[in-house]
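I opened this entry to record what I looked up, one topic at a time, with the cut-offs written beside each term.

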Amino acid sequence: MKKLERSLSITSVIAISIGGMLGSGIFVLPGLAAAKTGSSVWLAYLLAALCILPAALSKSELATAMPKSGGTYVYIERAFGPLFGTVSGIGLWLSLLLKSSFALVGFGAYLSVLVTIAPELTKFVAVGFLGLILFLNILGVKKVGKVQIVIVTISLIALSLILIFGLPNVQTLLLKPFTTNGNTGLTATVAFVYISYAGVTKVAAIAGEIKNPNRNLPLAMILSLLIMTTIYVCITFVLVGNIPLEALSTDLKPIYTISEQLGGKTVGIIAAVVGVITLISMANSGVLAASRFPFAMAMDKLLPSFMSKIHSKYLTPVVTIVMTCGVMALVILFLDVEKIAKLASAFMVMMFILVNLAVIILRETSAQWYNPPYRSPLYPIMQLFGIVSGIVLLVFLGLMPFVAIISIFVLGIVVYFLFGKNATRTGVLRNYGHRPALYLFYKKKNRKQFSEKSRRKIAPQNFDGALMKEAGVVVPLLGNENSAEMLVEMGAAINRKQKLQIVNITEVPNQTFLDAVIEENPKTLSVARRISGLAKAKKINVDFEAVVTHDLSNTIHDLSDHTLCEWLVMGWNGRAHSGIFISNPIGWLLTHIDSNFALFKDNGVRNFSEIVLALRPGRTNKSFIAVAHRICSFYEASLTILHVVSSKVSEEGITSMKRHTEALLQNIDTNSSVLIIKSDDPITTISKTSASFDLLLLGTPQKDNWLSILFGTGKDKFTETSACSVLRLTMKEEG
């Protein structure tokens, strides 16, 4: 199949993104918004921008990780699964085309300034302009982008002139009262104008057609949001400072009104021309983005395959473009577009909530394929703010959002069961989410199928060769280790048996067929060569295999079952908390693996001569000391047993503890000692003590806090603050 051409430069991307916002949000809505809150309307626009900022940052991150046409639909589908992907794809498609239809009908107010049009013909004129938009989009996105740049430039110049001449004429008396309906009215207005910024993320739907999307996409989104926030806030301030509220509150063409007031009739006519072409530009960018949703869904087999056809000459998804414009024409001619567009826009707020949640899910599950070059700052505070603020806005929008959400959910579910119910993909949440989260999204039958699926064993033919069933230790390599050799060495040090199984695992998104990446890549071959050299140098019996999978956690789980190993040894970033709703693979494995589990955090130490084992006071399990002894023997290192006790512990208690530990050490031939430190801050104490050692051995971490309990975002503080490398041991018989 032919691929969409990557033809959009960053200038075109910024123009398209601004074009998605620069329309009815400033040319029509300010008057209606001012009627709700008074002269504080500019503050409502500013607060709305702050509320949508998390979604813009989240979509920038998601788009660089998945630079594929489809945008929000793709992100939600990959995080939540094809059912939610179908619902979101159809909902976003409808919301964009309805909003674009509203823009085409709304430009009649400005067009009536230029020519005399019978009211009953206005809709037919709008459909005529829709035909022009259809023609531009079929010709190719590059041509659309060039037209967009010209229109956006003209609009920005016109609005800049209004600011230059309008700000000096602001009358302070018109700015009072600041709010006409108090904080409730202001908050309701924030929700009302929120849709003005929805276009900032619209360009993510065409990420697959952007040059250098890793850099250009987030940069374009953030810059366009800053530009439009400045324009919205300043222009609305000029409007309420120059036009009496009584007149502004019923004005559907406020840009024309302020232009005529400042510069006379001729300037007003010019502003009306700018309004007409800007609203057409908004509709154009809406068609450009909306048509990509059904295209991406058809590519994922959630809609009929003919919708994924690309024009042989212009390489554009002609079927979905024609379908989108056809539905828009019907909406313009037969429906009350303004009310439906407002309902659909409320659903878009819900989609932005899901976008923020998708970032949390993808980050906390640590899906191996999810590695965005751009990462949203202030995570997860930014995403949690976006989720909470979105819910508040939905509440203040009233009953309409719930009607929209329910109706579009029903339509999406119907389409899913007609076309996409046989989709074999599952969302990341379903792969890694805990059972309470699954209960929220999947019915009982699907939960049972999921449970059965998780118990299926890996077929031997999925590997390059046969696995060593008698291997004592299995070391999965995921490609993110600081040093694969150090991890293999650690596995060899722990191993009580003769053989060591190394498995290089590559996790790919569900939409990618495993056969497409089954061939060993140069990185895998390099790792195999280095492991082979290590095995010869250290005289380790090692078997190296490679596997490609859609589900990292279950693959590792099946490896453990298949080999009947005693230990799994994995690289670690210090996070292993299990959340109620979300679990990273480490957290999931800790609750499912039957073997012992060792997590190695490599802090760059390459020669282990001093090893410290930090045990909780009162622990009597000899298994930890036995493992520590094997590691010390492998590296010819000395061992120190560290106990950090409360400052309230008596000297007699310390003496008894030391005597008991020394008795345990008599059974090993390693050079060993006992160190007991009084401290009420064990984290700081162990951190300082670790500076004197090369490797810190730990047991299970302290209990999770509320954030890690919900989302698994916490990290083991002992590991985070350690000055040396850390090996955290989890034993099934641990007490």
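**Entry 1: a buried glutamine**

I looked up Q383 and found that, at 0% relative accessibility, it counts as buried, where buried means under 20% relative accessible area, exposed over 50% and partly exposed in between, with a 1.4 Å probe and protein chains only. Q383 is found in helix 18 (residues 381–396); helices are DSSP runs of H or I with at least four residues, strands are runs of E with at least two, and both are numbered from the N terminus. Leaving aside neighbours within four places in sequence, Q383 is in contact with S58, N356, V359, I360, S376 and L378, contact meaning heavy atoms within 4.5 Å.

I noted for myself that this is a predicted model, in which local features need pLDDT of at least 70 and side-chain atom pairs count only at pLDDT 80 or more, while totals for chains, interfaces and linings use all residues. Residues are numbered from 1 along each chain as its sequence is written, and side-chain values use heavy atoms, with hydrogens and water left out.

**Entry 2: the nonpolar cores**

Next I looked for nonpolar cores, which are sets of buried Ala, Val, Leu, Ile, Met, Phe, Trp, Tyr and Cys residues joined through side-chain atoms within 4.5 Å. The largest has 130 residues, and those with the most contacts inside it are L62, Y197, I235 and I255. Helix 17 (residues 337–365) gives the most to this core, with 14 residues. When I followed I255 beyond its neighbours within four places in sequence, I found it in contact with I26, F27, Y110, L159, I162, I235 and A271. A second, separate core has 50 residues, including L500, L615, M657 and L695.

**Entry 3: helices**

Helix 14 has 26 residues and reaches 37 Å from its first C-alpha to its last, close to the 38 Å expected. Helix 14 is also mostly covered, with 19 of its 26 residues buried. The axes of helix 14 (residues 265–290) and helix 15 (residues 292–299) come within 5 Å and cross at roughly 5°. I take axes as lines fitted to C-alpha atoms, for helices over the stretch in contact, with angles from 0 to 180 degrees between N-to-C directions. Helix 14 and helix 15 are therefore roughly parallel to each other, the term for angles under 35 degrees. Their contact is made by L288, A289 and A290 of helix 14 and R292, F293 and P294 of helix 15.

**Entry 4: salt bridges**

I found that the structure holds seven salt bridges, each a side-chain nitrogen of Lys or Arg within 4 Å of a carboxyl oxygen of Asp or Glu. In one of them, R496 pairs with E566, the closest N and O atoms being 2.8 Å apart. R496 lies in the loop between helix 23 (484–494) and strand 2 (499–507) and E566 in the loop between helix 25 (552–563) and strand 4 (567–571), so the pair ties together parts that are 70 residues apart in sequence. At 56% relative accessibility, R496 counts as exposed.

Conventions:
Parallel < 35°, antiparallel > 145°, perpendicular 65-115°, else oblique. Expected span 1.5 Å × (residues − 1).
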